[in-house]
Amino acid sequence: MEPQLAYLKSVIEGLPGIERWKAWFERNDGGLQRGLGRTRYLDLKVNRIEAIPRILTARDIKFVRSDRYANVCRDCFGEVRRETYPGGGHYWCPNGCFDVEVEQ
Ligand SMILES: [Zn+2]
């Protein structure tokens with residue numbers, strides 16, 4: 001589990017250039033199921049970034065949560081871009097994972 005935990009720590013700390021979530025999770029799926037146990041594995045699978053602090057804390061792994069945390073793409077952890085204007089806003093992932101217009 002050490003490499004997986006190191007990856008999760010780098011995600012929550014907002015390190016640049018880390019592997020995309022989807023590819024990483026698929027590649028590590030079996031190891032995560034065995035290493036985390038079913039409850040925490042499902043928590044990670046469903047809640048992703050919200051589950052990481054719970055997993056690290058349960059193992060006494062110290063981490064510093066990045067300011068980027070609140071503002072990262074759930075799929076690739078790229079920094080979400082935003083433009084707001086009267087009546088709405090435009091939010092998108094710089095890596096193309098999503099692109100939405102929101103009316104306020
Ligand atoms: Zn993205």
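Two strands count as paired here when DSSP finds at least two bridges between them. With that in mind, welcome to a set of close-ups of a predicted model.

**View 1. The whole chain, to get your bearings.** The protein chain has 4 helices and 3 strands, and from the N terminus on its elements run α-α-α-α-β-β-β. Taken along the principal axes, its C-alpha atoms fill a box of roughly 50 × 25 × 25 Å. Buried residues account for 10% of the 104 residues in the chain. Among contacts between residues at least 6 apart in sequence, 42% join residues at least 24 apart.

**View 2. Strands E1 and E2 and the hairpin between them.** Strand E1 covers residues 81-85 and strand E2 covers residues 88-92; the two pair in the antiparallel sense over 5 bridges. A pair to pick out is Arg82 with Tyr91, its bridge partner in E2. The hairpin leaves 2 residues between the strands, and within this hairpin Gly87 takes a positive phi near 95°.

View 3. Strand E3, residues 99-103, runs antiparallel to E2 and is joined to E2 by 5 bridges. How many of the 5 residues of E3 are buried? The number is 0, so E3 lies largely in the open.

**View 4. The three strands seen together as a sheet.** The 3 strands form an open, antiparallel sheet in the order E1-E2-E3. E1 and E3 stand at the edges with a single partner strand each, so one side of each has no neighbour in the sheet. On average, and ignoring direction, neighbouring strands of this sheet are turned by 15° against each other. As a reminder while you look, side chains in a regular strand alternate between the two faces of the sheet.

**View 5. Helix H1 and its two faces.** H1 spans residues 2-12, and its buried residues are Leu8, Val11 and Ile12. These residues cover an arc of only 90° around the axis, which puts them on the same side of H1. On the face turned away from the buried side you will find the exposed residues Glu2, Pro3 and Ala6. The buried residues of H1 pack against H4. After H1 comes Gly14, which has a positive phi near 70°.

**View 6. The largest nonpolar core.** This core has 10 residues in all: Leu8, Val11, Ile12, Leu32, Leu36, Leu44, Ile52, Ile55, Cys73 and Phe77. H1, H4 and helix H2 (21-36) each supply at least two of its residues. Which helix gives the most to this core? That is H1, with 3 residues.

**View 7. Pro53 and its surroundings.** Pro53 sits in helix H4, residues 52-58. Is Pro53 buried, exposed or partly exposed? Pro53 has 15 C-beta neighbours inside 10 Å, so Pro53 counts as partly exposed. Not counting residues up to four places away in sequence, Pro53 touches Ile12 and Arg65. Ile12 is also one of the buried residues of H1. Val64 lies 11 residues from Pro53 along the chain, and their C-alpha atoms are separated by 9.7 Å.

Methods. Residues numbered from 1 in each chain as written. Predicted model: local features only at pLDDT ≥ 70, side-chain atom pairs only at ≥ 80, totals over all residues. Buried ≥ 20, exposed ≤ 12 C-beta atoms within 10 Å, placed from the backbone. Contact = placed C-beta atoms within 7 Å. Arc of directions from axis to C-beta. Axes fitted to C-alpha atoms, helices over the stretch in contact; angles between N-to-C directions. Core = buried A, V, L, I, M, F, W, Y, C linked by C-beta atoms within 7 Å.
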